[in-house]
Amino acid sequence: MGNYKVYPNKLKGKVKIPPSKSMAHRAVICAALSNGLSKLTNIDYSDDIIATIDAMKSLGAIINKKDYYLEVIGIKSPDNKCKDIDSERIIDCNESGSTLRFLVPIAAIFDGANRFIGRGNLGKRPLDTYYNIFDEQGIKYTYKEGILDLVTEGKLKAGEFKVKGNISSQFITGLLFTLPLLEGDSKIIITTEMESKGYIDLTLSAMKDFGIKIINNDYREFIIKGNQTYVSRDYRVEGDYSQAAFFLCADALSNEVIAEDLKLDSLQGDKEVIDILERMGVKITPKDNGFLGKAPENLKSTIIDGSQCPDIIPVVSLVACLCEGSCEVVNAGRLRIKECDRLAAVTSELNKLGAKITEKEDGLIIEGVKKLKGGVEVWSHKDHRIAMTLAIASTVCDEPIVIKDYECVSKSYPMFWDDFKCLGGIVDEWNVGK
């Protein structure tokens, strides 16, 4: 992978925020499980979304990329002639944790074996929640340690599923997608306090839009009638607050970027970025179907809870570095099992730039500094959110920085560097050691 030399320069202008990756995953899955033809608009073909598209095709959906939309003929559609899917399916999740955890139970609807493969750190992400269910229901499975090579065989049965709420919500979402299609009724019982409620809200919202009814008893249990049908429809994916966070945080650092195409009443948990920045003293104003942030004279310290919005923690931590006093990131242990150990990566790379961050087991303590120095080489850890955080950091550095492995943004935001440059970012290809 390559390296960018990024020069200190303020960003200014408007940027159309890419569609929500979280909602795109959900829309593709709901449409692929439906009974007819759906048209999905405002889809960004990031690596993760391509993984979900290909996964649902392997289960029998017919999915075609058109000029301005994605055409999906659902598995249950009378027009779907691919009824006889392979009895042994390979489902390539690439590096997408959402694809993996959503698809494991969905694939267990079908006869035959499923082999899940992937790359990067995906094989290190725990799947014990599903293994426990498989053990209880007699579903066969084998896996390899450290890499993703999981083979499952056997069909999931309706029933009662007890799941911890302080693990990834992706497990609960995977079950929510699947259980309405089974013959009997089911119940998901949450045995601990629920984290990442926003992601569950997104799942339930998408499923409702595609005709599935689920009773949510205050996130303590979910009541799911069986024999339901996903109803095909046209669907537009809303803008992504996890990507907007980079530009809103840039505004907090005295840039002037209007983040456009955001749903103001969105259920996305990452909308929490607005509340966090406002606590820091940033004035966030709705503007042009989006938001503009205005930096205060001095940023205020605050406590940042990562339990409901883990994806925005890297870039919010960058803003915290320039707050007065001390900020603390809490309940963020799950960041250690993302594309990289994001707590370690944020600490390592921002400290190289002059930040003062101390790593804790499940969070960070961030002592505010007056400025970042730059003039060093930093590494994305091949993690898209670390790469974009470092790009925004460059706007408040005294000297240029070199970002190693900058291309990893393709995982979620393929056009990030184009947008960054259109807003005034200055970058050059750079050979390390030059």
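Trainee: Which helices and strands do the buried residues of H10 pack against?
Mentor: They pack against helices H9 (313-320) and H11 (384-393), plus strands S22 (356-360), S23 (363-367) and S24 (377-379). Packing here means contact, with heavy atoms within 4.5 Å. Helices (H or I, at least four residues) and strands (E, at least two) are DSSP runs, numbered from the N terminus.

Trainee: What kind of model is this?
Mentor: It is a predicted model: local features need pLDDT of at least 70, side-chain atom pairs count only at pLDDT 80 or more, and totals for chains, interfaces and linings use all residues. Residues are numbered from 1 along each chain as its sequence is written, and side-chain values use heavy atoms, leaving out hydrogens and water.

Trainee: Back to H10. Which residues are buried?
Mentor: H10 covers residues 342-352. Its buried residues are Arg-342, Leu-343, Ala-345, Val-346, Thr-347, Glu-349 and Leu-350. Buried means under 20% relative accessible area, exposed over 50%, partly exposed in between (1.4 Å probe, protein chains only).

Trainee: What happens at the start of H10?
Mentor: A side-chain oxygen of Asp-341 comes to within 3.3 Å of the backbone nitrogen of Leu-343. After H10 comes Gly-354, with a positive phi near 115°.

Trainee: And where is His-381?
Mentor: In the loop between S24 and H11. Leaving out residues up to four places away in sequence, His-381 touches Cys-340, Ala-345 and Glu-349. The side chains of His-381 and Glu-349 make a polar contact at 2.8 Å. That term means a pair of N or O atoms within 3.5 Å; within protein, one must be able to donate a hydrogen and the other to accept it, and residues adjacent in sequence count only if both atoms are side-chain atoms.

Trainee: New topic. What are the domains?
Mentor: The domain assignment, which is automatic or from a database, gives domain 1 (3-17 + 241-430) and domain 2 (21-225). Their contact takes 21 residues from domain 1 and 24 residues from domain 2. The C-alpha centres of the two domains lie 30 Å apart.

Trainee: How many salt bridges between domain 1 and domain 2?
Mentor: Three. The rule wants a side-chain nitrogen of Lys or Arg within 4 Å of a carboxyl oxygen of Asp or Glu. Asp-48 also forms a salt bridge with Lys-411, with the closest N and O atoms 2.6 Å apart.

Trainee: Last one. Where does Gly-184 sit?
Mentor: Gly-184 is in the loop between helix H5 (169-178) and strand S11 (186-190). Gly-184 is partly exposed, at 25% relative accessible area. The C-alpha atoms of Gly-184 and Gly-159 are 7.3 Å apart, though 25 residues separate them along the chain.
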